[in-house]
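Thanks, everyone. Let's walk through one model together, starting with a sheet, then a loop, then a pair of helices. Please look at the screen.

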Amino acid sequence: MTTVTAPAADDQASTLRRLIDVGIALSAERNHDRLMERILLEAKDIYNADGGTLYVKDRDRLVFSVMRTDTMNIKMGGTTGTKIPFPPLAMYGADGKPNHNSVATHVAITGQLVNIPDAYVAKDFDFTGTKKFDATNNYRSKSFLTLPLKNYENEVVGVLQLINARDRATGEVREFDVARQSFVEALASQAAVALDNHQLLEGQRNLLESFVKLIANAIERKSPYTSGHCQRVPVLTNLLAEAACAAQAGPFADFKMTEDERYELHMAAWMHDCGKVVTPEYVMDKSTKLQTIFDRIETVRTRFAVLERDAELAYWKKKAANDGTEAERQAALDATLAQIREDRAFIESTNVGGEFLADEKIERIHKVATRRWRDFDGKDQPFLSENEIYNLSIRKGTLTTEERKVISDHVVVTIEMLGQLPFPKNLRRVPEYAGGHHERMDGKGYPKGLKRDDMSIPARMMAIADIYEALTAADRPYKKAMTLSQSLKIMKKMKGEGHIDSDLFQLFIESGAYRKYAEAHLKPEQLDTVDERELLTA
């Protein structure tokens, strides 16, 4: 029989000091895996236990978080990267009855510590699985100490189980002596508080992320194209941030970001277009120049059809009046119909929009507008309204100056929305990052007209990511998907014009971040050959 002795006074003092240090360390740990691992390893060390398992309570289950067995070199969970293959332990059966067969679930249900000197002679719990494991692996599981992790509300948030306490001098397996239980219980109490705090922080983070995705979902209901943009910009921003942090030389050699800073930038990227929830759909997704709630080209086509009808009526009236020869009448009709159809085709092509609308085409729009037509009430009307002429005469793209202003204002709305949120300290720069993606390095951007030196590096990253995604996107109704080479040539030009940061553009190319994104998110036909050397020349 093992004699139980109290630890020496100097050993007690050392353990107490260590508990204080561990408590401070646990409260400061932000990484979940490191936190779980630290809890188990510190508890193992108090008893010099050979093995141990830390379970985290998930509703009515105990989920394996960390496992260690020194003599068998078992290291799973935590920071090891090795997944624990065992399924969670159910605290209740299918009939709803509590599971007291397993010592771990019993402790989770009752909240009471259990100290078992020898599992092979224990009668209150089922150790069949343990014995099978031992037989297979030539191991002997003997002493078990299983205790609950309780938060400040006295709720069990996890279970800590230690196996085979060892004598530090001889290595002999012994029972877990009662004298040291108070120390490991104190550690369990500290661990529970740390775990509970971590879960509360995770809950807040998940709530914030869910809120952000809720906004993205609302935008998707308005515009699936913009939603895709909102989801892809964070991917690009993260790739650029990774490249900057990995840089060993050049302008970003000293650039580093903590986990919190990376998360802050990630959230800003998700939120950068949240102001579009107030942007009208017909402006946000305006695919043709005449589009409002519907594409007004259909009404214009109807007018052309009326012109054709009137031309044919004129033909039949002349024929009834025997006005001219049949050849003359047919020639006049054919010429009139040909001109109407030619004008219709021109207006339809102009409505689509393009890179640039020349002066002669605008003159032709005005010429077509001089036509007259009779509406269904017989009233004489101009063929095109002033608003239709104005929209069809858009020089580039499909948006009028006023509509571009509406689109631009989404950044102002974004800044206003985010400025009203009480972001914690680690997210305080989200409004700055999210609100800067339309600024330019030369100060000609919006809404604040910031210059390069007025902007942080992450904010400049957002601008690169936003532009690259927009150029390469294949889901916009108002533009064709560009190839890689086309998109990057445009970005090189934008760099030369002071639109985007030249150092970040160079990093974007040299690091291969542009291609890594493209291979994952672009269509195969967009992945053409890119001359990186040419892109990096002045």
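Start at strand β2, residues 61-69. This strand is mostly covered, with seven of its nine residues buried. Buried here means under 20% relative accessible area; exposed is over 50%, and partly exposed lies in between, with a 1.4 Å probe and protein chains only. A word on the source: this is a predicted model, so local features need pLDDT of at least 70 and side-chain atom pairs count only at pLDDT 80 or more, while totals for chains, interfaces and linings use all residues. Residues are numbered from 1 along each chain as its sequence is written, and side-chain values use heavy atoms, leaving out hydrogens and water. Helices (H or I, at least four residues) and strands (E, at least two) are DSSP runs, numbered from the N terminus.

Now, which strands pair with β2? Take β1, residues 49-58, to begin with. β1 and β2 are antiparallel, over eight bridges. Strands pair if DSSP finds at least two bridges between them. Thr-53 has Met-67 of β2 as its bridge partner. The β1-β2 hairpin has two residues between the strands, and Arg-59 there takes a positive phi near 55 degrees.

Next, β3, residues 74-77. Four bridges join β3 to β2, again antiparallel. Met-67 stands opposite Met-76 in β3. This hairpin has four residues between its strands, and Asn-73 has a positive phi near 55 degrees.

Then β4, residues 89-90, which pairs with β2 over two bridges in the antiparallel sense. Here Arg-61 stands opposite Ala-90.

On to the loop. Thr-400 sits between α12 (386-392) and α13 (401-419). Is Thr-400 buried or exposed? Buried, with a relative accessible area of 5%. Leaving aside residues up to four places away in sequence, Thr-400 touches Lys-286, Tyr-390, Asn-391 and Ile-394. Contact means heavy atoms within 4.5 Å.

Last, the helices. α16 (residues 484-496) packs against α17 (residues 502-510) at about 155 degrees, with axes 10 Å apart. Axes are lines fitted to C-alpha atoms, for helices over the stretch in contact, and angles run from 0 to 180 degrees between N-to-C directions. The two helices are therefore roughly antiparallel. That label needs an angle over 145 degrees; under 35 is roughly parallel, 65 to 115 roughly perpendicular, and the rest oblique. On the α16 side, the contact uses Leu-488, Met-491, Lys-492 and Lys-495. α17 supplies Ser-502, Phe-505, Phe-508 and Ile-509.

That's the tour. Comments, please.
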